[in-house]
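Subject: The structure we talked about

Hi,

Here is the structure I promised to pass on.

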Amino acid sequence: MKQTVLEKTSNWLLILLLSLLCLSVLYPFAYMLAISLNEGADAAKGGVYLWPRAFTLINYEIVLGNSVIRHAYLITIARTIVGTIGGLLVTLLVAYGLSYKGLPFRGGILTYILITMLFNGGLVPFYIQLNNLGLLNTFWVFIFPGLFSVWNMFVMLKFMQGIPEALIESAELDGAGPVRVLWQIVVPLSKPMLAALGLFTAVGHWNDWFAGAFYVSRQSLIPVQTFLQQLLTAQDISVVLGSNTNQEALARGSQMQNITLMSIKMAVVMVSALPILCVYPFLQKYFVKGVLVGSVKG
């Protein structure tokens, strides 16, 4: 169909606005990458925007060679994997059980769960509860509080209600029990939805710094995002990186003179953001489909 002048103008304006929005998102990322690949002393003079003026990898060598940061990455990777798998499993089982309309007290259970999504006891009672459960200063404080998501449960429940009942009934007539129906029918049909919710859950675990800052006091248990938060508020590199920084300075000599706190911060930001960004391309197909299915079902 032939487009009118107004339609062509609207399309070009839309393309322009989306391009500007895209640039506004990509530019800070490109700026931080340029600073992290530039000598800190040279970047402090200004004028570094899109590409490094004095290229160096010393910032990444310091960051990746520090034992504190490496251990923080292990904690973050472990909590992301365990928390995502555990959260999806627990939420899936609850949603599957509540999808049966003949479940006793189903309406009351759904109402009770909905109330917990709208109201909470606050930070102090939650902290006291974690302390009474013995979760403070343990790895499981990152896992157990986030195992069940009310919002994800309702999304899963709505999706399962869209599965044809005849398909489940035919499997039950063939002798399939609830567990077999779940793993051989519901789960395979729910892959797009599980991928989308799994991505949201993994990103939430990866980016969470709050739990490590308030529920953990042992440096060996802090995740990388909490370490980054400490680094962003620090005034000296050695305050966060510890004695390893002084050892690096003695080993590298004049090379360490070009390092600044800002260059180290940018390197840590890039290293903490890149791994989770690399996950998106592998889940893009399921992610888009899952979001579309959720929008139609909702």
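**What I found**

Let me start with Phe126: this residue is partly exposed, with a relative accessible area of 28%. (Buried means under 20% relative accessible area, exposed means over 50%, and partly exposed is in between, using a 1.4 Å probe and protein chains only.)

Before we go on, some housekeeping. This is a predicted model, where local features need pLDDT of at least 70 and side-chain atom pairs count only at pLDDT 80 or more, while totals for chains, interfaces and linings use all residues. Residues are numbered from 1 along each chain as its sequence is written, and side-chain values use heavy atoms, with hydrogens and water left out.

**The overall picture**

The protein chain has 16 helices and zero strands. Those come from DSSP runs, numbered from the N terminus: helices are H or I with at least four residues, strands are E with at least two. Of the chain's 298 residues, 37% count as buried. Take the contacts (heavy atoms within 4.5 Å) between residues at least 6 apart in sequence: 71% of them join residues at least 24 apart.

**Aromatic rings**

Searching the whole structure turns up 12 aromatic pairs. Rings of Phe, Tyr and Trp (its six-membered ring) pair if their centres lie within 6.5 Å; planes under 30 degrees apart count as stacked, over 60 as edge-to-face and the rest as tilted.

One of the pairs is Phe126 with Tyr215, which is edge-to-face, at 5.8 Å centre to centre and 70° between the planes. Phe126 sits in helix H6 (residues 123–132) and Tyr215 in the loop between helix H11 (210–214) and helix H12 (224–233), so this pair ties together parts that are 89 residues apart in sequence. Tyr215 is buried, with a relative accessible area of 8%.

Then there are Trp140 and Phe144: their ring centres are 5.5 Å apart and their planes are at 15°, so the pair is stacked. Trp140 is partly exposed at 41%, and Phe144 is partly exposed at 43%.

Leu123, found in helix H6, is in contact with Phe210 and Tyr215 once you leave aside its neighbours within four places in sequence. Leu123 counts as partly exposed, at 46% relative accessibility.

**The nonpolar cores**

A nonpolar core is a set of buried Ala, Val, Leu, Ile, Met, Phe, Trp, Tyr and Cys residues joined through side-chain atoms within 4.5 Å. The largest one has 38 residues, and the members that touch the most others are Val63, Val141, Phe142, Phe227, Ile264 and Val268. Helix H3 (58–64), helix H4 (67–98), helix H10 (191–207), H12 and helix H15 (261–277) are the elements that give two or more residues to this core. H15 provides the largest share, eight residues. Another core lies apart from that one, with 25 residues, among them Leu88, Val150, Met153 and Val186.

Neighbours within four places in sequence aside, Val141 is in contact with Leu130, Leu135, Tyr215 and Val216.

**The largest pocket**

How much space lies in the largest pocket? About 410 Å³. A pocket here is found on a 1 Å grid over the protein atoms alone: it is an open set of points where a 1.4 Å probe fits, with protein on both sides within 12 Å along at least five of seven lines, and lining residues have an atom within 4 Å of a point. The volume is the space filled by probe spheres set on the points, which are joined across faces, edges and corners.

Of the 19 lining residues, Arg79, Pro145, Gly146, His205 and Asp208 are the closest to the centre. H4 gives the most to the lining, with four residues. By class, the lining has 10 nonpolar, seven polar and two charged residues. (Ala, Val, Leu, Ile, Met, Phe, Trp, Tyr, Cys and Pro count as nonpolar, Asp, Glu, Lys and Arg as charged, and the others, Gly among them, as polar.)

Phe105 has a positive phi of about 60° although it is not a glycine. Phe105 lies in the loop between H4 and helix H5 (106–118) and is exposed, at 72%. Asn137 also has a positive phi of about 60° without being a glycine.

Cheers
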